[in-house]
Amino acid sequence: MVRAVNLMDDIGTDNGCVCEHGLSFYIETPKHKLLVDTGASDKFLKNAEKLSIDLKKVDTVILSHGHYDHGGGILSFVRINPTAKIYIRENALECYCHGERYIGIDSDIGALPQVVMVSGNLKIDEELFLYTNVTERRLWPSGNRELICKKEGKVVQDDFSHEQYLVIQGEEKSILISGCAHNGMLNILKKYENITGGVPDYVISGFHMVKKHGYKEEDFEVIIQTAEELKKLPTKFYTGHCTGEIPYNIMKEIMGDQIQYIHCGEPVF
């Protein structure tokens, strides 16, 4: 059995948990107690306490990508748990920006002795596997074009090579966990298929389809086509954070019970 609980999301309910623009999941497997992302601040720690989840027992942390709303709580976490291994992509500490606004993570994270810099796909053990290097751009959410990386004095489009995906392989079911799916969920699933030969039973991920300044026709086309493609799969999707209310409602209408929004403090399963 796997237990998964949303410790941080942009939207909450009346369960007493605090929310922020960020994402964090606590996950228990037969062998591990994990965190996938840590939100933007230390607020996920307060939510864990509210939910009676002891983060001092976490042995593994996975950072999905190098943005503050996913790794902003890492330094707070290590003050209560200095032993858990923290797996991040080797380029997750680069200068990521939204326009002129820095949206990367604290450079001090790279100096932590428990950090494991991941250079590519990595099998952690029989339960946990990380993969990366998704390069296809089919039905790529347009909001990604606003995100950049500053390298050696030059400004380039963020290629999201700092994004990695966690696969939890159980005896009967497989779970794929992404943070924002910046590379596009269909492209991430295509890479999964190339590696494993199949599709996951469950996916936990944002879809990065939210737009602060309105949606264009091309945005709606990407949302609808993505939902129609996902509906063909035997996979259950749990989402939140950067998906956005309007995109989620459109996807929900197409996919029905195959997709579900998980709010802050709610269990996934």
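1. Surface. The chain exposes about 12000 Å², and 49% of that area is supplied by carbon and sulfur atoms. The structure is a predicted model, and the values below should be read accordingly.

2. Burial. Of the 269 residues in the chain, 53% count as buried, where buried means under 20% relative accessible area.

3. Overall dimensions. The radius of gyration of the chain is 17 Å, which agrees with the value near 18 Å that a compact globule of 269 residues would have. Taken along the principal axes, the box filled by the C-alpha atoms is roughly 50 × 45 × 40 Å.

4. Contacts. Among contacts in the chain with a separation of 6 or more, 71% are between residues 24 or more positions apart.

5. Charges. There are 29 positive and 39 negative side chains in the chain. The centres of these two sets lie 1 Å apart. His is not counted in either set.

6. Secondary structure. Six helices and 17 strands make up the secondary structure of the chain.

7. Strands β7, β6, β11 and β12 form an open sheet of four strands, in the order β7-β6-β11-β12, with antiparallel pairing. Its edge strands are β7, residues 101-102, and β12, residues 154-157; each of these pairs on one side only.

8. The β6/β7 pairing. Strand β6 covers residues 95-98 and is joined to β7 by two bridges, the two strands running antiparallel. His98 has Arg101 of β7 as its bridge partner.

Key. Residues numbered from 1 in each chain as written. Predicted model: local features only at pLDDT ≥ 70, side-chain atom pairs only at ≥ 80, totals over all residues. Heavy atoms only, no water. Rg over C-alpha atoms; globule rule 2.2 N^0.38 Å. Buried < 20%, exposed > 50% of the residue type's maximum accessible area, 1.4 Å probe, protein only. Contact = heavy atoms within 4.5 Å. Areas by Shrake-Rupley, 256 points an atom, 1.4 Å probe, with all protein chains shown as cover. Charge placed at Lys NZ, Arg CZ, Asp CG, Glu CD. Pairing = 2+ DSSP bridges.
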